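Please read it alongside the sequence and the coordinates.

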Amino acid sequence: MAAVSSFFLLFLVAVFLHLFIPTWALHTVGSLPLDTVTFYKYFLQVIPKQKYVLVKIDTQYPYGEKQDEFKKLAENSASSKELMVAEVGISDYGEKENSELGMKYKVEKDDYPVYLLFTNGDLENPVRYTGEIKQDAIQQWLKSKGVWIGMLGCLEEYDSLATEFSSTSAQEERQKIMEKVKAMIQEMPDSEQKSAEQYHKIMSKVLAQGNSFVHSEIARIGKLLGESKMSSAKKMEFQKRQNILSSFQVPSVAKEDL
């Protein structure tokens, strides 16, 4: 009898949460909650001032590992001056709140969560993320689209120089950038000097082995991280190096299908 009463109480609590707590009350720290009305209002009034907006479309009350990854991503987005993170929760019961947005962007329930990157207020042509739902993977994807967001081991000014280095094929220009990086390292605080040195080492490797070094090294480290049993400290060092390597991938501007 007590078990039945407990179950009934839990049921009533669940019903109350679904019916009486508004979506915004359960939003994620660092993320802007949007609905069908505020989505368009926000994009018309605010987006022109915000270069990038990453919108997660998901169930109305998400939970689990994928939601935990989103929480970390949303909190970390504070490091980016150009990126705003937002979320839309779609209800699959009653009036099916916000389902209009799911239809507009061709998002099916089985796809949740879906990440869409909007650029310069363009509502019609977002870029859809299709990779693994992991904070690091999403941040690397954002970086490949030209969005800077603080990643473990990365330094914003050095990321900019890494992109500049990769965007030119002129050896003379690359040498100048390397010299600039080398000079800057001497002025870095001790806590950031090791990361700064990684940028210089990678540039040296690219000059010696060619542009393919970056791709092959990212793949090699990814395999090690996925298969090897290593200490947490060692794993963190490899992750930092992989993150820095991703800074040398020239941002893609191509549109992807929804």
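Residues 24 or more positions apart account for 70% of the chain's contacts (heavy atoms within 4.5 Å) that have a separation of 6 or more. The structure is a predicted model, in which local features need pLDDT of at least 70 and side-chain atom pairs count only at pLDDT 80 or more, while totals for chains, interfaces and linings use all residues. Residues are numbered from 1 along each chain as its sequence is written, and side-chain values use heavy atoms, with hydrogens and water left out.

**Overall composition**

- The chain has 10 helices and 5 strands; these are DSSP runs numbered from the N terminus, with helices being H or I of at least four residues and strands being E of at least two.
- Of the 258 residues in the chain, 41% are buried, where buried means under 20% relative accessible area, exposed means over 50% and partly exposed lies in between (1.4 Å probe, protein chains only).
- The accessible surface comes to about 14900 Å², and carbon and sulfur atoms contribute 55% of it; the areas come from the Shrake-Rupley method with a 1.4 Å probe, and for residues only the protein chains shown count as cover.

**The sheet**

- An open sheet is formed by 5 strands in the order β1-β3-β2-β4-β5, with mixed pairing; two strands pair if DSSP finds at least two bridges between them.
- The edge strands, β1 (32–34) and β5, each pair on one side only.
- β1 pairs with β3 (residues 83–90) in the parallel sense over 3 bridges, and A86 in β3 is the bridge partner of L32.
- Helix α2 (residues 36–45) packs on the sheet and touches β1, β2 (52–59), β3 and β4, its direction making about 120° with that of β1. Axes here are lines fitted to C-alpha atoms, for helices over the stretch in contact, and angles run from 0 to 180 degrees between N-to-C directions.
- The pairing of β2 with β3 is also parallel, over 8 bridges, whereas β2 and β4 run antiparallel and are joined by 6 bridges.
- I57 stands opposite V88 in β3 and has V114 as its bridge partner in β4.
- β4 and β5 run antiparallel and are joined by 2 bridges; V127 in β5 is the bridge partner of L117.
- β3 is largely enclosed by the rest of the structure, because 7 of its 8 residues are buried.
- β4 is likewise largely enclosed, because 5 of its 6 residues are buried.

**Packing of α3 and α5**

- Helix α3 (residues 65–76) and helix α5 (residues 135–144) pack at an angle of about 45°, and their axes are 9 Å apart.
- The two helices are therefore oblique to each other; angles under 35 degrees count as roughly parallel, over 145 as roughly antiparallel, 65 to 115 as roughly perpendicular and the rest as oblique.
- In this contact, α3 supplies E69, K72, L73 and N76, while α5 supplies Q135, I138, Q139 and L142.
- With 8 of its 10 residues buried, α5 is largely enclosed by the rest of the structure; the buried residues include W141, K143 and S144.
- Just after α5, G146 takes a positive phi of about 90°.

**Nonpolar cores**

- The largest nonpolar core has 27 residues, and those with the most contacts inside it are Y158, F165, V181, Y199, I202, M203 and F248. A nonpolar core is a set of buried Ala, Val, Leu, Ile, Met, Phe, Trp, Tyr and Cys residues joined through side-chain atoms within 4.5 Å.
- The elements giving two or more residues to this core are α6 (156–166), α7 (171–185), α8 (190–209), α9 (212–227) and α10 (232–246).
- Leaving aside neighbours within four places in sequence, I202 is in contact with F213, R241, I244, L245 and F248.
- A second, separate core of 18 residues includes Y42, Y112, V114 and L123.

- Not counting residues up to four places away in sequence, L123 touches F39, Y40, F43, K104, Y105 and F118.
- L123 and F43 are 80 residues apart in sequence, and their C-alpha atoms are 7.6 Å apart in space.
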